[in-house]
Amino acid sequence: MVVDRDPGDVGTGRGFAWVGRGREFDLLLSALEIPPAVVLVEGEPGVGKSRLVQEATAALTGRGVRVVTGLCHPLREPLPFGPVLDALRDTAAWLPPPDRLNPQAGALAPLLPTLARHLPPPPAPPEDPRAGRFQLMGAVRSVLDATSPLVLVIEDLHWADDATRELLLLLARDLPNRLGLLLTYRREDLPGDTPVLGAPYRRPPGTGGAEIHLDTLTEDDVQALAAAVLGPRASTALGRTLFERSAGLPLVVEEDLLTLTDRIHPNQPRPGRGSGDGVGRSGTGPADDVSALAEAAVPRGLREAVTARMSALSEPAAAMVEAAAVLAVPASQHLLTEVTGLDPRRAGPALTEALQAAVLRETSPGHYTFRHALAQQTVYQDIPGPHRQDLHRQAVRILWTTPAPPLVQIAHHTRALGDTAAWLRQAEAAADQAIALGDEGTATTLLHDILAQPRLEPDLRTRSALALSRIAIHAVDHTTSATALRRILTDPQLPTPARGEIRLALGLRMLNPTGDLAGIAALERAVEELATRPELAARTMAALAGNPNLTPQEAKEWIERAENAVRDSPNRGMQAAVHATRLTLMAKETDPQLVL
């Protein structure tokens, strides 16, 4: 058991002891101390993944190890490999001079302006999107290698986009020798049965690491945590009550302890509407603490703790917290103030109050959000429907006025308003923006959301499915690409010609890198589905004709069908491509029947 007590903090509620994680802590450190290493930390919301990472980071930096951290968010504006690039922003001081860096590292300069002067000149972007993704991946790896020994931490990987997940997968398969990779995630929040890295992963030979599952705390752990905060007031009965209410989830225990510390210090009331209204403030003994928690026993858990803390806030502070819940991403004081409609002179003290009450926290300079996602969800659900809708409308109005409107967030708020038609327009625009910026992961998430709509206008369904398939085609990892294409094809409402175009991509993806013969069947089926698209059908037939696994007679039949399909086509380029396939076959085959 780890119990780290600061005598000055006992009984004050300032900070919490760290209990019950000694084994996991030792395992994590021992794995990362010998790079290359990949460590996966999995656990339910509120179980303490971030705290374990914080303690490990402090220990590693204390030993001179460099650590950089990126966070995944459920709403992220387009930036290729966003969480990883966020982490790399902090590496400037460790980079060698630009002329000593791999030249491909310069590809990150346009995406990381604050790092640009430390990087080589940007290379010319390749025309092929897949090559462009390779270029960025190589640039990321070059910077990580140049700044090693280093530990790269990516938290909340369950919220990562597909492109970020693919980058981390390829990185984990071939880590720089002095790099440690630490990833946290919630298994229950991964999409479908998707592996955490998007594809099955096993550490390659020579790469160390660990897979750590964080379980809930034991009753003894909860008792130790309570004693570290409340001192002698932490009776056995109180510890048992805390454990029963929380089921050992540290997040809930800490929220309850924050509530109890309010009662212990009645001379430090919180200003505003809740002052003097806290549960059980008239008594401050151990028995009163148990009674105070028992009074809030139904419903149990975090909701009660968050609701109690909200009730102790003044109306302006509560308004700032509600605005943060609706925005759902770290937001500036100005944005929170605009959404609430508060007088700016009142907004500053209100935000300070919410921070002092530990309801909100500062995630980066000048940006504020909740201490954890569960608290945000609790506050959001407790906002009365009409007021919640008003806040979403206000958020949309204000976000549109920003110099670079965050289309992903605007689409989110539009959807929350129940205006499906408007949401679809905004989501498609946000996906187009993400693709243009090279953030195919964010685009993939948006396109999947669009295609999940049951009554979608056929043209929009076709556009979205084809855009999604083009992203999948350019995926670097073959397995990830093929899986994504198959998933798109499961849509029963997809028009047949669009299905054929996507199946063509799947067949080519299966045949080209690995020679998977199932790709032949996919291409043959695509020919049937492309009956109304003769040029694409001809391209498919030519691909079949050129496959070395077919017999000469089969190849001859397919190339003849392809030539017939484009004989009257105005597309000279497709006619030339079919003819080139014929010439290739003639060069390889001596059968006179094929040459004729």
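**A parallel sheet and a helix pair**

Strand E1 (residues 37-42) is joined to E5 by 6 bridges, and the two strands run parallel. The model is predicted.

- Strands of a sheet pair through backbone hydrogen bonds, and the pairing is either parallel or antiparallel.
- The sheet here is open and has 5 strands, in the order E2-E3-E4-E1-E5, with parallel pairing.
- Strand E2 (66-71) and strand E5 (208-213) are the edge strands, as each pairs on one side only.
- From one strand to the next, the twist averages 10°.

- Two packed helices are described by the angle between their axes and by the distance between the axes.
- Helix H23 (residues 534-545) packs with helix H24 (residues 552-566) at an angle of about 160°, and their axes are 8 Å apart.
- Angles over 145 degrees count as roughly antiparallel, so H23 is roughly antiparallel to H24.
- The crossing in which H23 passes H24 is left-handed.
- On the H23 side, the contact is made by Pro534, Glu535, Ala538, Met541, Ala542, Leu544 and Ala545.
- On the H24 side, the contact is made by Ala555, Trp558, Ile559, Arg561, Ala562, Ala565 and Val566.
- Of the residues in the contact of H23 with H24, 12 are nonpolar, 2 are charged and none is polar.

Definitions and conventions:
Residues are numbered from 1 along each chain as its sequence is written. This is a predicted model: local features need pLDDT of at least 70, side-chain atom pairs count only at pLDDT 80 or more; totals for chains, interfaces and linings use all residues. Side-chain values use heavy atoms; hydrogens and water are left out. Axes are lines fitted to C-alpha atoms, for helices over the stretch in contact, and angles run from 0 to 180 degrees between N-to-C directions. Helices (H or I, at least four residues) and strands (E, at least two) are DSSP runs, numbered from the N terminus. Angles under 35 degrees count as roughly parallel, over 145 as roughly antiparallel, 65 to 115 as roughly perpendicular and the rest as oblique. A crossing is left-handed if the near helix is turned anticlockwise from the far one by less than a right angle, and right-handed if clockwise. Contact means heavy atoms within 4.5 Å. Ala, Val, Leu, Ile, Met, Phe, Trp, Tyr, Cys and Pro count as nonpolar, Asp, Glu, Lys and Arg as charged, and the others, Gly among them, as polar. Two strands pair if DSSP finds at least two bridges between them.
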